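Please look through the following notes with the model open beside you, and check each point against the residues as you read.

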Amino acid sequence: CSAKVNDKLIVGNANSLYLYNIPSSRWFPVNRSNQFSMSRTSMCNINSNTIILVGGDGGRGDTVELIHLNKFSNEMTSYDDFSSIFSTNPNMCFENTQRSKCQTKLPIKVAFNSLINLKENTVLLTGGNNMGATSNRVFKGTLSPNGKNVTWKELSPMNIARSNHMC
């Protein structure tokens, strides 16, 4: 799964996140976690400094997780900033990022779905695999004003059920 936040490309796999630095053609670890599983999740930015991860775990996942990047990381505007910071401390710009599970769960347990940012604080979840069946369901997720929870509203379903698809 991947997200672009403030001109940063962040990619996830299993329990790790990585930032890709284009000028140096290097990957850097970001906010590794043994507590949170990213297996089969979808991820995108929900606003300019927050990443949302949903579902996963082979269709048994109804969790919603948020990663709020710290203020220092948002002040960096170019990959040159990353190059100078990463040369001395590769994890510095993502130290103290807040990663938390939302109280509100997804309305369904899903994996292999797509998630895309619609506008600031709003994402769209489409399809996926729900306990072995391909889904055509669509949900709009909205970040709460305090930035700690996401509420979900079901929209009209897709005409064709999809899993492992891209937006």
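1. Four strands form an open sheet in the order E9-E10-E11-E12, and their pairing is antiparallel. Strands here, like helices, are DSSP runs numbered from the N terminus, with at least two residues (E) for a strand and at least four (H or I) for a helix, and two strands pair if DSSP finds at least two bridges between them. The edges are taken by strand E9 (114–119) and strand E12 (150–155), each of which pairs on one side only. On average, neighbouring strands of this sheet are turned by 30° against each other, direction ignored; the axes behind that angle are lines fitted to C-alpha atoms, for helices over the stretch in contact, and angles run from 0 to 180 degrees between N-to-C directions.

2. Before going further, please keep in mind that this is a predicted model, in which local features need pLDDT of at least 70 and side-chain atom pairs count only at pLDDT 80 or more, while totals for chains, interfaces and linings use all residues. Residues are numbered from 1 along each chain as its sequence is written, and side-chain values use heavy atoms, with hydrogens and water left out.

3. Within the sheet of point 1, strand E10 (residues 122–130) pairs with E11 in the antiparallel sense over eight bridges, and Thr 122 stands opposite Thr 142 in E11. These two strands form a hairpin with two residues between them, and Met 131 in the turn has a positive phi of about 55°.

4. Strand E11 (residues 133–143) is also joined to E12 by six bridges, again in the antiparallel sense. Phe 139 has Glu 154 in E12 as its bridge partner, and Lys 140 stands opposite Lys 153 in E12. E11 and E12 form a hairpin as well, with six residues between them, and in that turn Gly 147 has a positive phi of about 75°.

5. What follows E12? Ser 156 lies in the segment after this strand, and Ser 156 is exposed, with a relative accessible area of 60%. For these labels, buried means under 20% relative accessible area, exposed means over 50%, and partly exposed lies in between (1.4 Å probe, protein chains only). Although Ser 156 and Arg 137 are 19 residues apart along the chain, their C-alpha atoms are separated by 7.4 Å.

6. A further open sheet of four strands has the order E5-E6-E7-E8, with antiparallel pairing. E5 and strand E8 (98–101) stand at its edges with a single partner strand each, so one side of each has no neighbour in the sheet. Neighbouring strands of this sheet are turned by 20° against each other on average, direction ignored. E6 and E7 run antiparallel and are joined by five bridges, and the bridge partner of Ile 52 in E7 is Leu 66.

7. Leaving aside residues up to four places away in sequence, Thr 50 touches Cys 44, Asn 45, Leu 66, Ile 67 and His 68, where contact means heavy atoms within 4.5 Å.

8. The largest nonpolar core has 17 residues, and Ile 52, Val 64 and Trp 152 are among those with the most contacts inside it. A nonpolar core is a set of buried Ala, Val, Leu, Ile, Met, Phe, Trp, Tyr and Cys residues joined through side-chain atoms within 4.5 Å. Among the elements that give two or more residues to this core are E6, E10 and E12. Apart from this core lies another, of ten residues, including Leu 17 and Ile 67. In soluble globular proteins, nonpolar side chains tend to be buried together.

9. On cysteines, the structure holds zero disulfides (pairs of cysteine sulfur atoms within 2.5 Å). Cys 44 counts as buried at 6% relative accessibility, and Cys 102 is buried, with a relative accessible area of 9%.

10. For the chain as a whole, there are two helices and twelve strands, and buried residues make up 47% of the 167 residues. Among contacts between residues at least 6 apart in sequence, 53% join residues at least 24 apart.
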